[in-house]
Amino acid sequence: MTTLYHHGTGNVLTERHDNGILQITINRPDRYNSLTLPMFEEMNQIWADVERDDQTRVVVITGAGKAFCTGMDVAQPDPTPQDALAILETERKRVATMLRIEKPIISAINGPAVGYGLSTALLADISIAADDAVLIEGHTKVGVTAGDHAALIWPLLVGMAKTKYYVLTSEKLTGAEAERIGLVSLSVPREQVLPRALEVASQLARGSQQALRFTKRALNAWLTNAMPQHELSSALEILDFAGADYAEARQAFREKRPVDFPSARTAGGLAN
């Protein structure tokens with residue numbers, strides 16, 4: 001695969017197909033396409049490239065191997081407060097850019113999508129999931145606020161009752177169930193995910209580009225008007241990075257044991 005945009009890590013590949021279709025592939029299959037800290041900025045820069053790229057009409061984003069993207073790699077060193085603040089700003093820009101890009105974005109969810117991965121999948125204009133793919137919002141499971149997309153887009157997609165259930169419990173969904181409740185556009189057998197996404201992309205690439213882009217702009221006003229909610233949830237998530245619950249979740253992951261959240265053992269429900 002040819003890499004068109006170069007931003008450092010080499011863990012994100014870009015390839016141009018016919019008719020102005022750009023494929024972005026998150027490429028850490030050995031780590032289920034989880035993100036290192038530098039990859040957050042790399043993805044942010046790639047979306048900025050897409051916005052400026054006059055040769056691109058439609059974007060398809062997917063993951064290498066068996067996963068779409070499983071969020072931040074929790075095996076890496078703990079983020080410093082400076083790292084957390086940098087992620088907050090990078091994520092604010094990434095979400096705003098994805099919503100501002102007038103070219104249609106299609107997510108080909110070929111496998112597990114968790115946290116940041118699910119955010120990217122659902123912020124796409126059309127989402128096509130493997131019927132057996134595992135989708136998990138996941139933030140509360142590691143002791144942080146659901147901050148990178150859930151408050152912004154879940155209520156519009158599935159309503160508040162389903163949003164609160166899945167976001168608060170971090171319960172997993174399959175791609176088939178996600179389609180049933182309206183969280184994703186389509187679910188198909190795993191081997192058909194990328195071909196179907198590219199087929200839809202080809203259809204859009206042959207359509208009226210002005211009509212498609214203006215329609216996306218109008219529809220995304222629902223989301224851009226809600227950006228203050230997104231920024232609040234993201235700020236609360238960053239505060240949680242400094243908390244005892246997040247530290248315990250990371251340590252439990254490393255020790256391969258159940259999480260024992262400090263805040264669940266205090267009368268007031270807040271961890272020191």
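**Close-up views of a predicted model**

**View 1. Thr-36 sits in the loop between S2 and helix H1 (37-52).** Helices (H or I, at least four residues) and strands (E, at least two) are DSSP runs, numbered from the N terminus. This is a predicted model, where local features need pLDDT of at least 70 and side-chain atom pairs count only at pLDDT 80 or more, while totals for chains, interfaces and linings use all residues. Residues are numbered from 1 along each chain as its sequence is written, and side-chain values use heavy atoms, with hydrogens and water left out. With a relative accessible area of 18%, Thr-36 is buried (buried means under 20% relative accessible area, exposed over 50%, partly exposed in between; 1.4 Å probe, protein chains only). Setting aside residues up to four places away in sequence, Thr-36 touches Arg-28 and Gln-76 (contact means heavy atoms within 4.5 Å).

**View 2. His-149 lies in the loop between strand S7 (134-136) and helix H4 (150-169).** His-149 counts as buried because its relative accessibility is 0%. Neighbours within four places in sequence aside, the contacts of His-149 include Glu-137, Trp-154 and His-230. Also on that list are Gly-115, Leu-118, Ser-119, Leu-122 and Leu-123.

**View 3. Helix H6 covers residues 193-205.** From first C-alpha to last, the 13 residues of H6 reach 18 Å, close to the 18 Å expected at 1.5 Å a residue (the expected span is 1.5 Å times one less than the number of residues). Val-193, Ala-197, Val-200, Ala-201, Ser-202, Leu-204 and Ala-205 are buried in H6. An α-helix has 3.6 residues a turn, so residues three or four places apart point the same way. Among the elements covering the buried residues of H6 are strands S2 (21-26), S3 (58-63), S4 (105-109), S6 (126-130) and S9 (186-188), along with helix H7 (209-219).

View 4. Lys-216 is buried, at a relative accessible area of 6%. Its side chain reaches two backbone oxygens: that of Ile-101 at 2.7 Å and that of Lys-103 at 2.9 Å. Not counting residues up to four places away in sequence, Lys-216 also touches others, including Met-98, Glu-102, Pro-104 and Asp-125. Lys-256 is 40 residues from Lys-216 along the chain, and their C-alpha atoms are separated by 44 Å.

**View 5. Leu-236 is found in helix H9 (residues 227-241).** Leu-236 is partly exposed, with a relative accessible area of 38%.

Methods
Polar contact = N/O pair within 3.5 Å; in protein donor to acceptor, adjacent residues only side chain to side chain.
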